[in-house]
Each structure stands twice: as C-alpha cells, then as structure tokens.
Amino acid sequence: MQSETLITPNISFEEYKNQILRDYEIALLSRECSLLGRREVLTGKSKFGIFGGGKELPQLAMARVFSNGDFRSGYYRDQTFMMAIDQYSVQEFFAGLYAHTDIEKEPFAAGRQMGGHFATHSLTEDGSWKNLTEQKNSSSDISPTAGQMPRLLGLAQASKIYRNEKSVENYTNFSIQGNEVAWGTIGNASTSEGLFWETINAGGVLQVPMVISIWDDEYGISVHAKDHTTKESISLILEGFRRTEDHKGYEIIVVNGWDYPALIDAYETADELAREHHIPVIIHVKELTQPQGHSTSGSHERYKSEERLNWEREYDCNKKFKEWIIDHNIATSDELFAIEKTAKKRVRQGKNNAWNEYITEIKKEQQQALAILKEVERKSENKNFIATLIKTLADKTEPIRKDILEATRKSLRYITKENYPEKVALQNWVNEYIAEVQPKYSDHLYNDFENKVTNIKEVLPKYEQQADIVDGRVILRDNFEHIFKRIPESLIFGEDSGKIGDVNQGLEGLQEKFGDIRVADTGIREATIIGQGIGLAMRGLRPIAEIQYLDYILYCLQGLSDDLATLRYRTFAKQKAPLIIRTRGHRLEGIWHSGSQMGGLIHLLRGIHILVPRNMTKAAGFYNTLLDSDEPAIVVECLNGYRLKEKMPVNLSEIRTPVGVVETIKEGSDITLISYGSTLRIVEQAAIELLSVGIKSEVIDIQSLIPFDTQHDIARSIAKTNRVLIIDEDVPGGATGYILHKLIDEQNIYKHLDSEPQTLSAQPHRPAFGTDGDYFSKPSTEDVFEKVYEIMHEVNPTTYPKLR
C-alpha cells in the first residue's frame, strides 16, 4: 500500500496537480524511450542499449530536490532524472543511441559513449569554466561498475572545503558557501564492488554532503541478490555505518521504489540533512523493477520466475504511480490516457527527428563519394570492379562512414597504375574526408586550447654564487609553500601527507602553516584518494593527490584509466579535471617498493601526462608548469632523491620545467643514451666511465614520457651519433618498447642508424630485496657500460676488443 500523504506546503492545488502530472508525463516519456530504444537496437540502428525502465519514480523524487550547483555522479539508468532536471530531451536520447558525432545534437559525449552516459557542460567554447552554481551539473558517467563512486566523494568534499576554507570563500562560480550536494546513484548489485565500500567508509569519515541512492531491483545482470549481497539487503549490512548520538556516520533511509509520496519525503529529508548539516545519506530504494532486463543483450524472462515477472508487472512504479494519482483524485483516467497518448507521439517524433538529423549528414557524404567514384569508373580500365563497389555503397539505405571509406579506399587499389585527373580527385577526396572525419572520433584527448601545458615556456633555475646546498626534499617543500601562497585553490592530501609532512618530509611543516584542509591526511585508500582529486578538480579546485609509492598506484588504476584519463575526450572537451597525482618510485629495494609500472601506465593512461623528473628541482618546475595549465598529470619523484643534495634556486617559484621536452645533459659523438628518473644517474656514471675506453656518449634525460619529445631532439642527437641505447628499469618491452615506437614510427630514426637500436631493461620480474637484489634485478652501471661497449665492439672490434 502506498503512503497516503504528500506534504507540499505553500502551493495551490492546481500547481500541485500540475507538478504531479508533469512527473507522470516525464515517467511516461522515459519509459517509452526505453521501449522504443530497445527496438532501435534490435533492428540494427544502434549497437547496444542499457535503459532506465523501472527506475522512473525515485529519479523523479531525486530531481525535485536537485538544485543549481549540485552535482550528480551516477549510473547509466538515470535517464528519467536527467529528463526531470531539463538536461535531456527525447531527441537527445535517440541521438545518443545512434552515436551522433555532433556535440550540439548529442551533448553528453558527441557519440563517443553509448547511450545512458550523462554529462552536462562545465566549460565554455574556449575551455574556461562556466558558472557552475547557475546550472544543474552531472559529472560524466563511466560504464565500469561502481566507478562513479570515488569521484562522488570528491564532488561532495568540494562543498565542505568551500564552506570551511577561507582561502576559497570568494570562488562563487563554483560554490555558494558549500551549500551544494553531490548525488550518487548505483545499482544494488554494484554495491558488491570494493570501490563502493571504500567510498562509503571515506564519506563517513569525512562527513561530506553526499546522498547515495541505491536502485534495488533484486538482480544484478541475471544474478539474484542472494548471490550478491549478505542478507540480500544492502541497507541491512550498512547498519554499522548509521549515525548515532555518540558517533558520526550516515543517515540511512529505506523506501519502496513504487511509493511516490514516501519517495518525495525520503529525498526531502536527505536533501535537508546533506545540504544544511553536511551529513551523508544513503537511500536504499527497494522493490524496483527492470522490465526490459539488464540490456539489449538478452531477455529477463530467461532468468526470472513467472511469480517474479507477475510481481514486477503489478509493482511497476509507473503503474503504481498512475493508480495513486487516480486514487487521490488528482486526475482522471481519461486525463492520464491523454498524457500517455501524447507521450508516445512525442517519443516517436523525437526518434524520427534524431534519426533524420543523424542519417542525412552521412547520406550527403555517401552521395559525394558515389559521384566521385562514378567519375573514376568512367575512366578506369577496371571499371567492373569499381562498379561493384559503387553498387554496394549505393545500396546502403542507412549508410555509415565505414561503408563510405571501404568503397573509396578499396577503389584506389584497382587504379594504382592508372593516371588521370579523376584518380587524383579521388585520392584527395579520401585524404580530406579522413582528415575531416577522424577528429570526430579522436580529438580532445588532451587540452588543445591556448593554455595547454606544452605551450608553457621553460624557466631555468637561477643560483647565487654561494648557493645553499640542501636536501632535495627541501626544494620540494619550499616550492609547495610558494604554491599554496600563490594559488588559494590548491591543496594536497594523501597517506601521511599532513601531520608529518609526507614520509620523505617534502611537506614538512606545511599543515601548520596552511591548515588541515589544504594539507590533509587520508586513510589508506588509494582509489578514493584519486576519486577525491577528480571530484575536487571538477569543481574548480586544484588538488594534488599523493599516492605514497608508485607501486600503490595499481590500487587506483581503474579510476585513473577509466575516469580521469578519458574525461576530456569522452565529454568532447566539455568537462575537465586538472588533477595532479604526486607519487615516488624507482630504485628502492624489494618487490613492492621498487617496482616500475611505467610500461603499464603509459599504455593505460593516455589522456594523462606522465612526468619523470630526475631530481627535485625538475619536479618542482613540473608542479609549477602544471598549475599554470589545466591538465591531469602524474609526477613520479625519485624515491632515492629526497636526501641527495641540490643547489637551492633563488627563483624557485618561477621555475618551469617544460612538458614534452627532453634535456641533453652530456654531449657526445659515438652513441646516444636515453633514460629518465633515478636510472639516469647510473647512465651518467657509466658515460663517465666509458670515456676511459674512448667512447663519447651523449646522455639525454627524457623527463616526460607522455607527451614524449615533442621537438624530436632525440632524433637530432641520433643523426649525429648514429646509434642509440634506451635504458630503463621497467620490464623488457615495457617503457623501452614505447620509447622505441616513438623513435622509429614518429621520429624516423632508422635513416640515421648505423647500428641496431637497442634497449637495456630490468629483469622480467619484480626486484629482489636488498642491495644485491637491486643489482641483479635492474640495470647497473656495469650493465650500461658493457652494453655500450658491446655495440661499439660490433662497430670496430679492433678498437674495442671483446670484454667477456
């Protein structure tokens, strides 16, 4: 039985009725979109679909209290919510289904994500921030289960910072005194993921204003809750997180997903607690249905009993909503039937409009291709083959761009030995078409506006004649102090980052100077440390998230790869998160504190800059450069460099280490040696020792793995030396394979080589413990010396006789 009352003060009955009927209309529109969307997938107009049918009513209740400035971090079934906050139209629903590449037509992803992944626009056309407090905001969804949860934590924490940190109290484009709520949504089965539990724990500790809605339809894919959740109820096992008089925690609300007035009451309560008091809230919305099954991949009749199917038909939230409206004399059956009829018509019209806009553009491209192919056919000696390709393309009544390029590119194979203007026209057309179309699918992986990080010019350190010689950590510490003074929205957090100033004292004393909001300790929870950073950065702050050791970055790799690295790309440059990840690695001892995961990172994190400074002055310059731009990056400090001595620059805060630029630190004429980070010191020592046998090595510090040597300085070095050795402490074929690809495929070094390009890496296992473990696991000075000598022996065995 549904709740009997719905408290709506200070509103006339007519306004009350209109509000209810608007909700009913949105529920119908959303459901009809799901039904018709499924048919579009099954008829081949779309590749795949996941829809929000059965979840309409609680999303309407959530939309009622969602305010300007608020953020959603959600789940791919939230289409009703997005429609209810006026950020999603029927036509846009179908444009997403068809993967329309026009950002104006498909505003969430320009066709780069499948439907159901929602994102509002935080940025203007020039990449600058909009006033986020004047609009309702949705952070861009990702498909990985529970992947939205860590980001939710950061979106909510931003409100707490804006409410309590004086340095950002005037940042009114991002927050109005911290009164914004972050609204998270997740399916019941996804609460089995570790990311959910890590976020729940961190949110309870931080007491941030977030409301988590758990849509519970008793299944996850085809698997029943009994196989997902202890006690078959997520709210039961979350009871330990409930707040009490003695302990802070969560308010936990349990409500049936078909009970409209109870849902309105639940969300109004949650809104007040989170917005006014910054108390996190969990709403377990149970007894929901999923009338179309998990996705277009199959039918739920395959795994649900007839009894369950009958229950779902009876307790469908839209059906129960209609019954409640009639029972409470808000509208008659005839009035509701008229709304239903109009909704069906609107959805059909929206579908047709979306399809016509999508297909018309491609059909124009199809006709252009056919016209130019027919000109070639008339001249070609192989016209029969070309005619077949023309017919295949012309017969496509619903063409895609792949069809167009298959026909035109294959045609070129038949006319390679023919020469006439029409052939040249076809060649030009194909090249121009690819140049025009490829960016629709590939651009905006990195910032391409004027403030991009690679446009920031180098500023070298300056030294007094009697410069202080200090530990490298002191340079970092003093530079961070300059940053926090210069950039009010900057902050740093991580394990041991606050009170003790990080494990290597690079933040020594800064919490005392800037407070425990801007220099903060966290629990041992790398995934949500990154989530905090992503969410904070999406709300205008400049966070530096510290992952204590490079090895531990594996704990948060999913969020870095699936969320942060793809954010700018998957939103067509409409959202950004300029998060800096600070970590340390290389050349310690043992399996878990000296690993080099660079090969994995550079392949999994395209979209994030990966910077590998050889000392702390270079690292300080990278932080300064990154904070002048707005792009995510990982800075890997040398773990064995904090106590090494460096000269203290007099212009520390002005130093800018260029991103994507290598540095030649020793010139030579016989061979180019390239490396980075701590390994570079071993290479430098080997280069000195090689002089004793007459070998002059040029040593280059890569500095930046992503982007890599944008000025092609390494190629110029190899043109001089005609030989190259890449030295790295990653596993064989890891980072060295990536570097070699860059040099051969992009810098064309093969034309300069007189010897085979070679690499020297670590062993294919993690490093063994102890000094000997390091020596036998990773490249040593002797390894570098002997590898170079071996190359030179091949060149001139008389001058360089065999060593061993």
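Mentor: Where H2 passes H8, the crossing is right-handed (the near helix is turned clockwise from the far one by less than a right angle; helices are DSSP runs of H or I with at least four residues, strands are runs of E with at least two, and both are numbered from the N terminus). This is a predicted model, in which local features need pLDDT of at least 70 and side-chain atom pairs count only at pLDDT 80 or more, while totals for chains, interfaces and linings use all residues. Residues are numbered from 1 along each chain as its sequence is written, and side-chain values use heavy atoms, with hydrogens and water left out.

The axes of H2 (residues 56-65) and H8 (residues 260-277) come within 9 Å and cross at roughly 40° (axes are lines fitted to C-alpha atoms, for helices over the stretch in contact, with angles from 0 to 180 degrees between N-to-C directions). H2 is therefore oblique to H8 (under 35 degrees is roughly parallel, over 145 roughly antiparallel, 65 to 115 roughly perpendicular, the rest oblique). From H2, the contact (heavy atoms within 4.5 Å) takes Leu57, Pro58, Ala61, Met62, Arg64 and Val65, and from H8 it takes Tyr260, Leu263, Ile264, Tyr267, Glu268, Asp271 and Arg275. Sorted by class, this contact has 9 nonpolar, no polar and 4 charged residues (Ala, Val, Leu, Ile, Met, Phe, Trp, Tyr, Cys and Pro are nonpolar, Asp, Glu, Lys and Arg charged, the others, Gly among them, polar).

The largest pocket has a volume of about 700 Å³ (the space filled by probe spheres set on the points, which are joined across faces, edges and corners). Its lining has 29 residues, with Lys47, Tyr98, Ala99, Tyr358 and Ile400 nearest its centre, and H4, H11 (333-379), H13 (401-413) and H14 (421-442) each give two or more residues to it. The second largest pocket holds about 380 Å³ and is lined by 18 residues, of which Leu28, Arg31, Leu35, Asp316 and Asn318 lie nearest its centre. H1 supplies the largest share of that lining, 6 residues, and the lining as a whole has 5 nonpolar, 4 polar and 9 charged residues.

H10 (317-327) and H11 each supply at least two residues of the second largest pocket's lining, and asparagine 329 lies in the loop between H10 and H11. Although it is not a glycine, asparagine 329 has a positive phi of about 55°. Elsewhere, a cis peptide bond with omega of about -5° joins isoleucine 706 and proline 707, and proline 707 is placed in the loop between strand S20 (704-706) and helix H23 (713-721).

Methods: 1 Å grid on protein atoms, 1.4 Å probe; cavity = no way out; pocket = protein on both sides within 12 Å on 5 of 7 lines; lining within 4 Å.
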